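Trainee: Could you walk me through this model, feature by feature?
Mentor: Gladly; here it is.

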Amino acid sequence: MADRNTMLKQINETSFLLDDMKLYLDTHPLDENAMEQFSDYQAKRKQLLKEYAEQFEPLACDCICLESNGSDKTQTQYPNKRHWTWSDGPIPWDLEANACAAVKGGR
Amino acid sequence: MWTYEKRLQFPVHITKTCPKTASLIISQFGGPDGELAASMRYLSQRYSMPFKEVGGLLTDIGTEELAHLEMICAIIFQLTKNLTAEQAKTAGFDAYYIDHTTALWPTAAAGVPFNACEFQSKGDAITDLTEDLAAEQKARTTYDNLIRVIDDPDVLAPLRFLRQREVVHFQRFGEALEKIKDDLDSKNYYYFNPEFDKQFVKA
């Protein structure tokens, strides 16, 4: 099981690649290599967001899972209790939510 | 419509309080070439854009600018989060502190409040995209100026990321402008305004 910051770093990097490729494909809509790369990373991001929501908390609305409120119980006010998990986790602009900045190495 | 993702596009992790730095970086929130102006400019321009691919690009870049706005606000928030009353007297931040404490309020570094004139939505595809190209370069220059006077590596990392994005957006807007010119009368693309004189636009 990956640690929270390592996983968030992977999500940030994969998502950024897609953000950049999206703009590139907006002006190069027939680039086969770019489309293939986009598709690979799109699947990877989907999987990462799902795993992160299961272990920690949801980062996107589509990943909200009320049944699994995460194996990491430190970031919720309601451990071991069915609850609205969207409010779990640190607030995105806080230091704590950005500790992944210190994780070294690429993907 | 939009949805929110509970993370920053690039992490902002600043441990050292510095109201002076915050008072400079706030220009990229509410200044003339800041992220708020950029986002609202592109999201306002897109409605009358006669080429749907370019309207789509304006949406996608305008959306990314919202994520940049959030990063800039996170930088300012973290730089002032543990501010003491003594530090609030820092020249450049003192006047802002009196009016807004440490809340986020859009203003230029020189103290001019955010102005909707920065949206620059003109209703002519060539005019608007040329504006957007300049806007990206003006934002890039502002980041260059900030990077030159700031030392804290934790602040520089997200600023360098944001500067790079201005360069990429400039490239994409340039490609969009070329595409529009190709779709218009190649001998004189000023012959008509494709956003208004719709009968001339090729299907």
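Mentor: Read from the N terminus, the elements of chain B run α-α-α-α-α-α-α, a total of 7 helices and 0 strands. Helices (H or I, at least four residues) and strands (E, at least two) are DSSP runs, numbered from the N terminus. This is a predicted model: local features need pLDDT of at least 70, side-chain atom pairs count only at pLDDT 80 or more, and totals for chains, interfaces and linings use all residues. Residues are numbered from 1 along each chain as its sequence is written, with chains lettered from A and ligands numbered from 1 in the order in which they are written.

Trainee: How many helices and strands does chain A have?
Mentor: Chain A has 2 helices and 0 strands. Along the principal axes, its C-alpha trace spans about 50 × 30 × 25 Å, while the C-alpha atoms of chain B fill a box of roughly 65 × 35 × 30 Å.

Trainee: What share of the residues in each chain is buried?
Mentor: A residue is buried if 20 or more other C-beta atoms, placed from the backbone, lie within 10 Å of its own, exposed if 12 or fewer, and partly exposed in between. Buried residues make up 25% of the 107 residues in chain A and 39% of the 203 residues in chain B.

Trainee: And how do I read contacts along the sequence?
Mentor: Two residues are in contact if their C-beta atoms, placed from the backbone, lie within 7 Å. Among contacts with a separation of 6 or more, residues 24 or more positions apart account for 41% in chain A and 77% in chain B.

Trainee: How many residues does each chain bring to the contact between A and B?
Mentor: Chain A gives 22 residues and chain B gives 25 residues. On the chain A side there are 14 nonpolar, 4 polar and 4 charged residues. Here Ala, Val, Leu, Ile, Met, Phe, Trp, Tyr, Cys and Pro count as nonpolar, Asp, Glu, Lys and Arg as charged, and the others, Gly among them, as polar.

Trainee: What do the buried residues of α1(A) pack against?
Mentor: They pack against α2 (32–55) of chain A together with α4 (52–80) and α7 (153–183) of chain B. Among these buried residues are Leu8(A), Ile11(A) and Leu23(A), as well as Arg4(A) and Lys9(A).

Trainee: At what angle do α3 and α6 of chain B pack?
Mentor: Axes are lines fitted to C-alpha atoms, for helices over the stretch in contact, and angles run from 0 to 180 degrees between N-to-C directions. Helix α3 (residues 35–45) of chain B and helix α6 (residues 125–149) of chain B pack at about 165 degrees, with their axes 11 Å apart. α3(B) and α6(B) are therefore roughly antiparallel, a label for angles over 145 degrees. The contact includes Ala38(B) and Tyr42(B) of α3(B) and Ala135(B) and Ala139(B) of α6(B). By class, this contact has 4 nonpolar, 1 polar and 3 charged residues.

Trainee: Where should I look for backbone angles that stand out?
Mentor: Most residues other than glycine have a negative phi. Thr101(B), not a glycine, has a positive phi of about 55 degrees, and phi of Gln120(B) is near 50 degrees.

Trainee: Is Thr101(B) buried or exposed?
Mentor: Thr101(B) counts as exposed because it has 11 C-beta neighbours inside 10 Å. Gln120(B) is partly exposed, with 17 other C-beta atoms within 10 Å.

Key
Angles under 35 degrees count as roughly parallel, over 145 as roughly antiparallel, 65 to 115 as roughly perpendicular and the rest as oblique.
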